[in-house]
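Subject: Structure for your review

Dear colleague,

A summary of the findings follows the display.

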Amino acid sequence: MASPPSRDMRRPFDVSPPASLPVRSWYSYRWQVLAAPMLAFILLPLLALVTRVTPASLLSHLRQPVVLQAVAVSLRTTLIATLLIIVLGTPLALFLSQPKTPLKRLVDTLTDLPTVLPPAVAGVALLVAFGRQGMVGGLLADLGLDIAFTQAAVVMAQVFIASPFYIKSAALGFAAVDSETQQAAALDGANGWQIFRYVVVPLSWPALLSGGLMSWARALGEFGATIIFAGNFPGRTQTMPLAIYIGFEINLDVALTLSVILMGVSFLALILVKGTLQRQLPD
Amino acid sequence: MKPVSAIGAFLVCACLLLTACRPEPEPHSLTVFAAASLTEAFTEIGEAFKDGHPGTEITFNFAGSQQLVQQLAQGAPADVFASANQAQMEAAITSRRVSSNRVQAFAGNRLVVIYPASNPAGLARLQNLANPGLKLVLADKEVPAGDYSLQFLKKASQDAGFEAGFTQKALSNVVSYEENVRAVYSKVTLGEADAGIVYATDLPKGNPDGVGVLEIPDALNVNTEYPIAPIQESLNAELADAFIDFVLSPPGQEILAQYGFSPVP
């Protein structure tokens with residue numbers, strides 16, 4: 001029972017060398033060694049991107065109108081999209097956080113659909129729904145509201161694609177709030193809004209914040225639905241990913257500059273998400 | 001446990017190395033990089049070519065010419081390159097994938113203005129492109145079709161039949177510069193745009209979408225030549241030459257004409 005091989009069998013994830021081995025062999029680092037190819041595969045392209053662009057060229061290309069316009073359009077549209085996702089997504093998340101029923105399970109699946117749908121499909125779907133000849137868009141056009149080719153279309157594409165990240169995270173956060181705490185607040189005379197505002201939100205804010213950040217980061221990267229539904233017009237609907245795609249074929253420097261910015265921002269967003277979630281753990 | 005994981009790691013590395021190796025070329029396989037506007041015509045030419053060369057496999061890569069040139073410059077394996085314009089063929093020559101003395105023109109094309117069947121903006125003449133509030137969609141200026149569209153709009157301003165500010169007014173009506181000329185066609189047929197400028201060849205056989213067409217007079221039109229060339233280090237040089245010969249032959253030219261291409265002058 002206490003012989004070295006069986007001890008080894010019992011603790012397969014132990015990184016320390018088995019007692020039977022006199023020196024540290026590669027075996028003691030086996031998980032690090034075996035993890036290296038996947039890690040290298042993820043890191044290499046990112047490293048190549050960063051090393052390809054010098055800080056000087058990054059700064060000089062940052063001042064180009066194409067880049068500035070794309071950054072401005074991206075910031076503006078993603079901030080509006082994230083706000084809309086929070087405002088419209090929170091009620092849906094509250095609904096989903098309640099005990100599961102068959103209807104809720106269906107809604108839950110439908111909410112997830114945009115994350116697995118190819119964004120191009122989302123773009124075509126948005127176009128046939130909200131385009132001028134579309135199901136709803138036709139009615140809006142009669143009222144003088146044209147959505148396709150406007151910044152509103154960019155925002156809608158982003159909300160469609162990025163909302164599941166916030167909704168899922170918020171629903172999990174809401175579900176984790178102890179129902180007895182809410183009942184206690186209700187007994188003390190708190191109404192529904194007060195319970196939500198002073199009990200549920202303070203207890204689930206890390207989930208809300210990290211979900212919001214993930215949605216924002218995903219909106220920032222939205223490409224396929226945007227180019228189909230909103231078209232490509234510099235300063236109006238050309239977001240950073242669109243400028244990268246068009247720039248890749250004509251002005252690689254612009255594409256590289258924007259790629260580095262987007263990568264840095266995405267990395268920062270993920271660090272913030274992990275940071276907020278970690279703060280939640282000690283509680 | 002130990003030997004198994006070591007063997008596993010070795011197998012994974014071996015697989016990665018194997019997939020990295022260039023596959024041996026099939027003796028009768030041909031890879032043709034062709035401009036997006038050639039999609040239907042070249043697909044039919046490919047079928048006809050295969051009839052004359054049994055056992056041949058043709059793989060087409062249809063995309064914007066500038067995209068194909070990027071892929072070629074990055075070393076994408078190909079045997080034939082057919083571009084929608086000379087500029088992108090020059091780019092392929094610069095990246096040394098094509099030899100300049102092997103380039104031949106094989107077809108011509110021209111631009112037309114199209115509008116949706118419902119004609120929401122009431123487009124009747126080319127001059128209407130400057131009407132306030134009209135939604136015009138062009139290909140991006142880096143796509144050959146987009147470059148030609150801008151050339152047409154600029155030339156029109158100098159023409160007696162058009163008002164002086166025509167170019168500016170028409171350009172201010174542009175709501176999107178699409179990354180591909182086919183996307184212009186789609187947005188017009190969907191009725192999202194009031195008008196678009198595409199190649200005559202972008203209209204499918206029989207005009208199933210019922211789009212309206214305004215011809216652009218020759219003097220204002222940009223009559224383009226499509227160049228074709230074999231890729232220099234092609235592993236199927238003979239077959240590549242045979243394919244190009246077939247495109248230039250009467251049967252090949254007839255198929256091109258069916259799809260709206262004009263013969264090489």
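In chain A, 33% of the 283 residues count as buried. Here a residue is buried if 20 or more other C-beta atoms, placed from the backbone, lie within 10 Å of its own, exposed if 12 or fewer do, and partly exposed in between. The model is a predicted one, in which local features need pLDDT of at least 70 and side-chain atom pairs count only at pLDDT 80 or more, whereas totals for chains, interfaces and linings use all residues. Residues are numbered from 1 along each chain as its sequence is written, while chains are lettered from A and ligands numbered from 1 in the order in which they are written.

Chain A

The secondary structure of chain A consists of 13 helices and zero strands. Helices (H or I, at least four residues) and strands (E, at least two) are DSSP runs, numbered from the N terminus. Of the contacts in chain A between residues at least 6 apart in sequence, 73% link residues at least 24 apart; two residues are in contact if their C-beta atoms, placed from the backbone, lie within 7 Å.

Helix H4 (residues 65-97) and helix H8 (residues 151-176) of chain A pack with their axes 6 Å apart, at an angle of about 40 degrees. The axes are lines fitted to C-alpha atoms, for helices over the stretch in contact, and angles run from 0 to 180 degrees between N-to-C directions. H4(A) and H8(A) are therefore oblique to each other, since angles under 35 degrees count as roughly parallel, over 145 as roughly antiparallel, 65 to 115 as roughly perpendicular and the rest as oblique. The contact of H4(A) with H8(A) comprises 19 nonpolar, eight polar and no charged residues. In this classification Ala, Val, Leu, Ile, Met, Phe, Trp, Tyr, Cys and Pro count as nonpolar, Asp, Glu, Lys and Arg as charged, and the others, Gly among them, as polar.

A:Phe149 lies in the loop between helix H7 (137-142) and H8 of chain A. Its phi is near 70 degrees, a positive value in a residue other than glycine. A:Phe149 counts as buried because it has 25 C-beta neighbours inside 10 Å.

Chain B

Chain B has nine helices and ten strands, and 45% of its 265 residues count as buried. The domain assignment, which is automatic or taken from a database, gives domain 1 (25-108 + 225-258) and domain 2 (111-215) of chain B. The C-alpha centres of these two domains of chain B lie 28 Å apart. Nine residues of domain 1 of chain B are in contact with ten residues of domain 2 of chain B, and those on the domain 1 side divide into two nonpolar, seven polar and no charged.

Two loop residues of chain B may be noted. B:Arg96, in the loop between helix H4 (86-94) and strand S4 (104-109) of chain B, has a positive phi of about 60 degrees although it is not a glycine. B:Arg96 counts as exposed, with 11 C-beta neighbours inside 10 Å. B:Asp159, in the loop between helix H5 (144-157) and helix H6 (166-172) of chain B, is partly exposed, with 13 other C-beta atoms within 10 Å.

The contact between the chains

Chain A and chain B each contribute 18 residues to the contact. On the side of chain A that touches chain B, helix H2 (30-52) and helix H12 (240-250) of chain A are the elements that give two or more residues. H12(A) gives the most, with four residues. The residues on this side of chain A divide into eleven nonpolar, four polar and three charged.

Yours sincerely
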